[in-house]
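Trainee: Hi, I'm new to this one and would like a walk through it. Could you show me what we're looking at?

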Amino acid sequence: MRNAHRWTWMVVAGALAALGASMPGCSGKAEPSARPGPAAVAPRGAQPLAYPRARMVDHVDVYHGVKVADPYRWLEDADSEETAAWIAAQQAITQPWLESIPARSRIQARLTELWNYERYGLPTREGGRYFFTRNDGLQNQAVLYVADALDAESRVLIDPNTFSEDGTISLANWSPSPDGRLLAYAISDGGSDWRTWRVRDVETGEDLDDLIEWSKFSGAAWAKDSSGFYYSRYAAPEPGQELVASNDNQQIFFHRIGDAQDRDELIYARPDQPRWGLNAWVTDDGRFLIVYARMGTDRRNGLYYRDLTTGSTEFTELVTPGEASFSVFGSYGTNLFIQTDLDAPLGRIISVDTRNPARGAWRELVPESRDTLRSSSHVGGRFVLQYLQDAKASVRVHSTDGRRLREMRLPGIGSVGGFGGKPDDTETFYTFTSFTSPGTIFRHDLETGESTVFREPQVAFDPRDYVTNQVFYRSKDGTRVPMFITHKRGIPLDHNRPTLLYGYGGFMIPVTPSFSPANLAWMEMGGIYVVANIRGGSEYGSGWHRQGSLLNKQNTFDDFIAAAEDLIRRGYTQPSRLGIFGGSNGGLLVAACMIQRPDLFGAVIPAVGVLDMLRFDRFTIGWAWRSDYGHPEENEADFLYNLAYSPYHNIEPGRCYPATLITTADRDDRVVPMHSFKFGAALQAAQGCANPILMRIETRAGHGAGTPTSKLIEAAADRWAFLYRALGMEQDEAHSH
């Protein structure tokens, strides 16, 4: 994995009516009797579960003169004995409930079969060597290999499965030196965002003495001469606060191979801007050191550069954060090639000559098109540009003067990734995937324009048995929104199909077609899998994001609710058979929609969700999400808006909510578990019917990255078993017999 030229805003994102007020664009609270609740789950007529007692305290915060109760504030302390006892009690209810479902063992067995296929990562070439990852199927972590040629025998370079017995210590990042002799690699312990960097000798397979700690949201950007690399880090947190303390004052250092970390050279810091995130990248020719400065997860970053050939330590400021996104993806001589959405919400390519970087001298090479420019590469003397057409991949090749040369032919409706390499390479590699196609790696000849299959996974299913359709529907305000619907070919659409609707809708992250063994198992069970491309992502550029963030966030929920209503209107399903699922910002999405429309859904799974929209910015990197969620403590308008949709604050006692499985992890230091704990406690106390409110709390896991395969299969088995009962599939099977 070469150190990407992108800054790490996406990693940081995750991600994400006490007043009784209704505001423009925000759904007001309805009285409990205003709508019918969801149908109870099987077994019908069951008695409500006896939930663990969660003590309520008289804690009240005052925001802009408004008193807001927070009765479960004590659950923010994940290390207290009381919280630990509450967690244990929750697990003592949830696991027996899930394991009592006879189909669960069958589901897990099939998931294990489907997951057991060989998977490769994209090859990276440095110093004549190829580096790539491979998982033989059920390995907890993918293994890093190296080969001296594309067709040569490979050997293991790093096997992270040896790091721990349970597979919870993962290889989180890796970057080979330009000469291919060394490899910087980062380890994550138990899913934490914290990274420990080491350096391995590629020839001998032995680690050097180099050790870097307290790095987070960073790659390793090597100097051209392979003498060392640039990286980002924070000051060490106070003991015991590693997983909750706020992350401020990120700095960029240069680590020279062989030096102790305390000798690393400070390259760039902004003590005047403690909330800026800072990341470095070196152009392929080694000439320019690029520094990105971002305000949280806001894509409108700053860009600073230093010409390393001059010996100067000064940086030139090209743009400051807050105007538009700028990403350098290549260079030629004194010119930087930059992807930006400045004056182009869908993206364009410009060239900046560092001898005259004034804005009036910038040259447009590839203008904005009708599609969304997602990513750019400078490889083989060409630009390879990845676009989204209605959330589907399109790839175009241009000359470096901007002329369009060709459009690449892709296998179908899906997503692509990759196209790495250097300006003088003759080949590049990319992956193609869809809802029914595992990630196939292609080698693309940049001279002939031909693509050939390099690695093609073999999964135990026939993709011809499934069909994906893209439809469009109208949201509450009339906005046209795309939606992908995938299911077994030929199943009867009888208004009664168990259906799972997935969404994200935040931080300019698009949701494009992708393959998942878990989703395949769901569809084998007869379920329909649906993805709604709601506002808040970047499916249609930066404008699509703005329409679903800050004081427009309700549009995201309205889009998702409209997707559910459209599925019902088209005859796919009905409310009691419709489940919704989302993680992180998507956890917020499904929880907010459940609170606003409990009548519309039969089951809800908010995973590692941002659920307290008044205190999200108090922990770890939460402050970075203000670009999407605002600053409720400082800004009264943000406070009032967030209070009106915050899932934790809008639960109504006595109302019947759908069956809910709230999932989180004990070492999630991005969206800290207090969100799920407080929301779960409040929802259990308020539940007005027998539908279960369950908490699944994973141990030795974080926000998701690096989770071992065994835990992924267990979690998927629990999700589908939960839906199997909650959506009445268990009763269907009983009646069919």
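Trainee: Are helix 2 and helix 11 roughly parallel or roughly perpendicular to each other?
Mentor: Roughly perpendicular, a label for angles of 65 to 115 degrees, with under 35 degrees called roughly parallel, over 145 roughly antiparallel and the rest oblique. Helix 2 and helix 11 therefore fall in the roughly perpendicular group. Before we go on: this is a predicted model, where local features need pLDDT of at least 70, side-chain atom pairs count only at pLDDT 80 or more, and totals for chains, interfaces and linings use all residues. Residues are numbered from 1 along each chain as its sequence is written, and side-chain values use heavy atoms, with hydrogens and water left out.

Trainee: What counts as a helix or a strand here?
Mentor: They are DSSP runs numbered from the N terminus: H or I with at least four residues for helices, E with at least two for strands.

Trainee: At what angle do the axes of helix 2 and helix 11 cross?
Mentor: The axes of helix 2 (residues 81–99) and helix 11 cross at roughly 70° and come within 9 Å. Axes are lines fitted to C-alpha atoms, for helices over the stretch in contact, and angles run from 0 to 180 degrees between N-to-C directions.

Trainee: Is that crossing of helix 2 and helix 11 left-handed or right-handed?
Mentor: Helix 2 makes a left-handed crossing with helix 11. Left-handed means the near helix is turned anticlockwise from the far one by less than a right angle; right-handed means clockwise.

Trainee: Which residues make the contact?
Mentor: Helix 2 brings Gln-95, Trp-97 and Leu-98, while helix 11 brings Asp-718, Phe-722 and Arg-725. Contact means heavy atoms within 4.5 Å.

Trainee: How does helix 4 pack with helix 11?
Mentor: Helix 4 (residues 517–524) and helix 11 (residues 709–726) have axes 10 Å apart, at an angle of about 25°. That makes helix 4 roughly parallel to helix 11. The crossing of these two, helix 4 and helix 11, is right-handed.

Trainee: And which residues touch there?
Mentor: From helix 4 you have Ala-518, Asn-519, Ala-521 and Trp-522, and from helix 11 Ala-716, Arg-719, Trp-720 and Leu-723.

Trainee: How many bridges join strand 28 and strand 29?
Mentor: Strand 28 and strand 29 pair over four bridges, in the antiparallel sense. Ser-415 stands opposite Thr-433 in strand 29.

Trainee: Where does Ser-434 lie?
Mentor: Ser-434 is in strand 29 (residues 427–434). At 7% relative accessibility, Ser-434 counts as buried; buried is under 20% relative accessible area, exposed over 50% and partly exposed in between, using a 1.4 Å probe and protein chains only.

Trainee: What is Ser-434 in contact with?
Mentor: Apart from neighbours within four places in sequence, Ser-434 is in contact with Ile-413, Gly-414, Pro-513, Ser-514 and Phe-515.

Definitions and conventions: Pairing = 2+ DSSP bridges.
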